[in-house]
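Good morning. I will go through a few local features of one chain, and I would ask you to keep the structure open while I talk.

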Amino acid sequence: MANASISRTLLISGLLVLTFWTFSAFHPYLSHAKLVLFSTPGTFSEISIHAPRKNVWADLTQDEVKAVREFMFTRTDLNLTRSRESFRFDNNIRLIEVLRPNKSDVLAYLNGNSAPPIRWARVVINDGVKEYPQVTNYMVGPLPIDNSTRIEPLIYCFNSDRNFVYNPMPTYPVLVEWVATFALNITDVLEELLDGTVDPLDPTSPENLGLATSFTSLEDHKLMLWLQFYRDDPYSEAATLLPQGLYVKVEISTKDTNNWKPSTCYYNRVVYDSVNELRKAMGKIHFEKTEINRPGDWSNTEDFDDRISSREKPPPLMIQPQGSRFLVDKEQKYVSYMGYEFYVTTAAATGMSLYDIRFHGDSVIYEVGLQEAMAHYAGDDPQQGALEFLDTTFMMGANLQELVPGYDCPAYATFLSATFSVGDSTVTKKNTICIFEYTGDHVLQRHSGMEHVTVSRNSYLIVRSVSTMENYDYTIDYIFYLDGTIEVKVRASGYIFAAFWANGQEDEYGYRIHDAIASSMHDHVLNFKADLDIVGTSNTLKRVGIEPTTKHYPWDDVKQRNTMHLVERLVETEAGIDWPKNAAEMLIVTNDNKTNAWGETRGYRIAPGTGIGNPSHLTILNSTTLGISAEWANRDLWVLKRKDTEPMSASALNYFDPKDPLVDFSKFIDGEDIVNEDLVIYFNLGSHHIPHSGDIPNTLMHTSASSIMFTPFNFNDRDPSRRSAQGVRVDRKGKAAIPRYFGATYNKGIQVPRDDLEPDLTQHHGSQANPAFGKTWHPGNPGF
């Protein structure tokens, strides 16, 4: 019980969190995910449909997970212990999920040339018994389990030619115990400088302090960590907004805590060789203390003052009186909408992905989904100077949040839930994905003539999820417009990871935003994969420049006319590309074997979407902290030849060994020809986030949005939205106006149930934390 209480007092982030989950016997991470449909009360039930094909990307069933788990225990050489019985340095299973089939096998099935691909499982094991603990990947199959089933090292999808990474830290309970003991040994320092303590007997005390960490080096299994103290905030959980000005360096050479050594201290811009040196300095007359950051009304995200006149009436809402216009196969997780069809699935590390996206029967995208989400900071203190996160390490899928109907999504949305196998138990997180149709605040099309006007409503389908990664909530949308445009959009909100502000500090890395708090500049770079199949797999990327030129035309009286024209260039080999200056270039993926009615090659254009500015890539060159673990972040997008051996741009385990990661993206770029090949686009969304006073208490989503659009380009013979849009033509005949509608209209009044306007939220369960799982990235949670 003491350890559990201590754990609730600690805010863990950075590598500390990353390393905890792997060997924690008490905090197994969420592994197996499947989707369950859910409808809010008071709405029309969605109309069912039968998927034309099986969802071959679907996660393992509970029966498959159970069978795989039992089969693993038949391998005595793995020395496995049941999760509920494992402790400290035991070996145990942490993840069992589907090993998604190779595209080459799936295409044969989709084209009707073979049966569905054979099912395999991916199993991740914590090898904690070894002197240098490891996290190891295996593949298990074929499934279902029979005499032919085998366990093999999972190597083919990692270009490091190995299936494991070293874990430089011991178990989570051991680390919590050490950190708490260390904090208690410096209680005098904490009380004098920070007016707080680490109190395991009173974890909700406003004087309690938490810890965050960043690592400065990892060499030969030796780890160097910097600990920074933070003020806890039980009400708003705004701890990352409350840094304190004390930092301590810790040297970790083995999993034996007797060998762990606290060393250097940093306080008020002064480096001290040890805690004792800091104690001595504290006794001197000229020793200067820094300010202390405390929570208050300023850090709360809510204002319940009813006297604000602008809130006397509720805001307008979207309703759906006659039910949804999209169709869902609940068993196969298949969606059909206005000519679109696609499949939905989830993964513990990366969250939601979509597969086999087609538009009016033609293939467009085979796969689109998150690969990795990075936040890289900069600063002149030991925390911010080395701080970066690769969030799939902390499981963005397992940290999907229950969405709030009427707020995150319209009350009429269809909600999907995710079920995860946690060790020997199962946790279902309700309503973590929503699907809904929405009508935009601007029309899709309009034109006024002398005697008429025609206008079309702008309706589109959104598939949405939210992952909370301690201080930030990431909303990811896949948006389907009526003309065939597909948008991928990311928004972020939450508490910034603030820096401590010392007297006289300059604005080199951020701005002062409270008493002793500075904003901390950082880059958000989220990498996505889009495996494009534009009417098949034989595709070419073309760069069509919009360039100035000087030309003479035979009809022209001017000898030389300054004008502009199009210049088309093929991208012949694998390459990284940045968005062009002045938007003076179009990136178009075409199928040169397919043309529209006018003889033009059918294609899709790739362009920045409706976010703030162009999506950005990483500013830092040759990041000291990242090593080569995220080379995809160095350009805006990449075009590659698709290979079964390169299914992802990153591994959720890359964070463990940044200098020799399991997946080194730079090896993907090897100069192969990509003309008329199966192409993959890896693109980055994100921003250069320079927080300011307007980010307090939370960053706002409309100021942090980033998106990309895939838009038909000569793909159709004309605008296909004419077949699906709803609108009106108003003809003016003298003083009379004659409206003619295309598409259904509302021809009588309706009664709207209250739950369609303001749903009952008394049963909302938030993150639905498992008692063994703890809060997301918070006290007692190893990161999964």
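Two strands are said to pair if DSSP finds at least two bridges between them. Keep in mind that what you see is a predicted model.

With that, take strand 38, residues 727-733: strand 38 and strand 39 are joined by seven bridges and pair in the antiparallel sense.

Ala499 has Ala518 in strand 28 as its bridge partner.

In general terms, strands of a sheet pair through backbone hydrogen bonds. The next link is covalent: a disulfide bonds the sulfur atoms of two cysteines.

How many disulfides does the structure hold? One. The cysteines are Cys409 and Cys434, and their sulfur atoms lie 2.2 Å apart. The angle about the S-S bond is -80 degrees, and the link is left-handed. Cys409 sits in the loop between strand 18 (388-390) and strand 19 (414-422), while Cys434 is in strand 20, residues 425-439. The two are 25 residues apart, and the pair links distant parts of the chain.

Last, a helix pair. Helix 6 covers residues 187-194 and helix 7 covers residues 275-282; their axes come within 11 Å and cross at roughly 45 degrees. Are they parallel or oblique to each other? Angles under 35 degrees would count as roughly parallel, and those from 65 to 115 as roughly perpendicular; helix 6 and helix 7 are therefore oblique. The crossing of helix 6 past helix 7 is left-handed.

As for the contact itself, helix 6 contributes Asp188, Val189, Glu192 and Leu193, which meet Val275, Leu278, Arg279 and Met282 of helix 7. Sorted by class, this contact has five nonpolar and three charged residues, and no polar ones.

That is what I have; I will take questions now.

Methods. Residues are numbered from 1 along each chain as its sequence is written. This is a predicted model: local features need pLDDT of at least 70, side-chain atom pairs count only at pLDDT 80 or more; totals for chains, interfaces and linings use all residues. Side-chain values use heavy atoms; hydrogens and water are left out. Axes are lines fitted to C-alpha atoms, for helices over the stretch in contact, and angles run from 0 to 180 degrees between N-to-C directions. Helices (H or I, at least four residues) and strands (E, at least two) are DSSP runs, numbered from the N terminus. Angles under 35 degrees count as roughly parallel, over 145 as roughly antiparallel, 65 to 115 as roughly perpendicular and the rest as oblique. A crossing is left-handed if the near helix is turned anticlockwise from the far one by less than a right angle, and right-handed if clockwise. Contact means heavy atoms within 4.5 Å. Ala, Val, Leu, Ile, Met, Phe, Trp, Tyr, Cys and Pro count as nonpolar, Asp, Glu, Lys and Arg as charged, and the others, Gly among them, as polar. A disulfide is a pair of cysteine sulfur atoms within 2.5 Å.
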